[in-house]
Every structure is written in structure tokens, then in C-alpha cells.
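Thanks for letting me look through this one.

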Amino acid sequence: MAEPSLRSVSRRRLLLAAAGLTLAGCGFRPRGMAGLGAPTVQINNVPRTSQLGRAIARRLAGSETRWVEPPEAAELRLDILSYREERDILSLTPDGKVREYLIRASLRFRVLDKEGQELLPATELSAERDYSYDDNLITAREKEEMLLYDDMRQQLVDQMFLMIGRTIASRK
């Protein structure tokens, strides 16, 4: 296989740089993620250092909404009522060993405004995935399960933000 010439690589880089400058010059800016429709939010019952707290903080980092601690400083109050992760056996091999697992994550929350009025009543979101299991690949399967839980957690946080954003937008 022939290596690309230095000249063609340089030409590609020059074209990419020119395209980037053109877009920057016209005012193009990636939109980022939609926030909650309020500048500040106070989130109850979830530490920032927990896996769910980190997923929420990641989602907020790309938006215009900031997570603040004193409830009085927040425009919205997000109450995380519960978050659960579960694993069930989905199928077994003929000799009784686990072949597949079904994992679930569920998130229950509600949203209040600054005055304590309920904007969004208690709502439950859930996600599930299944994956095959092999005793010979225990470490890889544990890592796969962890990645699937991370993906479901982020999916639930994204869905929650969309629901809250739409609810707030419809009230304005």
C-alpha cells in the first residue's frame, strides 16, 4: 500500500484549516447541549461524585445551566427520587450456566420551581440492555456491563433533560 505523499497531506491540512477559518469567520459555533431552560438548578439526593451525579454534571457542562448548591440561588429544583440498577438472568445454557443477562436502570425524578410549585410531577424513566455472558471472559464481560450501565445512565439523564426543557419551554 502506497504512503500518501507529504505534499498531499500538507494540501489536505491546508484545506481543512481554510474551511475552519471560513466557518469561524462567518460566526458559526457548535450549539452545544440544551440545558434545562433555566440558568441555575439545585439537584437533591444525588452527590456530585456519584456515577449519576457525574453523568448529570457532564450533561450540564455543555449547556447554559449551572448546578448550584444553596436552594435559594436556584431557579429550578430537581429532586432525584430514586435511581436503581438491576441485573437479571435472561437465559441459561443446557448445563445451567448463565448465557445472557438483562440489565436495567431506572430513574425517578420531579421538578419544582423557585417557589416550590411542581413543574413536572414524579416521573420514571427506564432503560434496559441484554448481553451475552461467558465464564471464560469474565473481565471483558464485567467491563461490558459497566459500559452498558454508563450508557443507560447517560441516556436517562439526556431523556430527563429533554423532558424538563420541553416542560419549561411550554410554560413560557
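1. A word on terms before we start: two residues are in contact when heavy atoms of theirs lie within 4.5 Å. Please also keep in mind that this is a predicted model.

2. Let's begin with S126, which belongs to strand β5, spanning residues 118-132. Leaving aside residues up to four places away in sequence, S126 touches A105, S106 and L156. The C-alpha atoms of S126 and M152 are 8.4 Å apart, and 26 residues separate the two along the chain.

3. Is S126 buried or exposed? Its relative accessible area is 53%, and because the cut-off for exposed is over 50%, S126 counts as exposed.

4. On to the aromatic rings. Searching the whole structure turns up two aromatic pairs. One, between Y101 and Y133, is edge-to-face, with 5.4 Å from centre to centre and 80° between the planes. Y101 sits in strand β4 (residues 98-113) and Y133 in the loop between β5 and α3 (138-171), so this pair ties together parts 32 residues apart in sequence.

5. With a relative accessible area of 11%, Y101 is buried, because buried means under 20%.

6. Finally, which residue lies over the face of W67? That is R48, at 4.4 Å from the ring centre.

How values were computed: Residues numbered from 1 in each chain as written. Predicted model: local features only at pLDDT ≥ 70, side-chain atom pairs only at ≥ 80, totals over all residues. Heavy atoms only, no water. Helix = DSSP H or I, 4+ residues; strand = E, 2+ residues; numbered from the N terminus. Buried < 20%, exposed > 50% of the residue type's maximum accessible area, 1.4 Å probe, protein only. Phe/Tyr/Trp six-rings, centres within 6.5 Å; stacked < 30°, edge-to-face > 60°. Lys NZ or Arg CZ within 6 Å of the ring centre and 35° of its normal.
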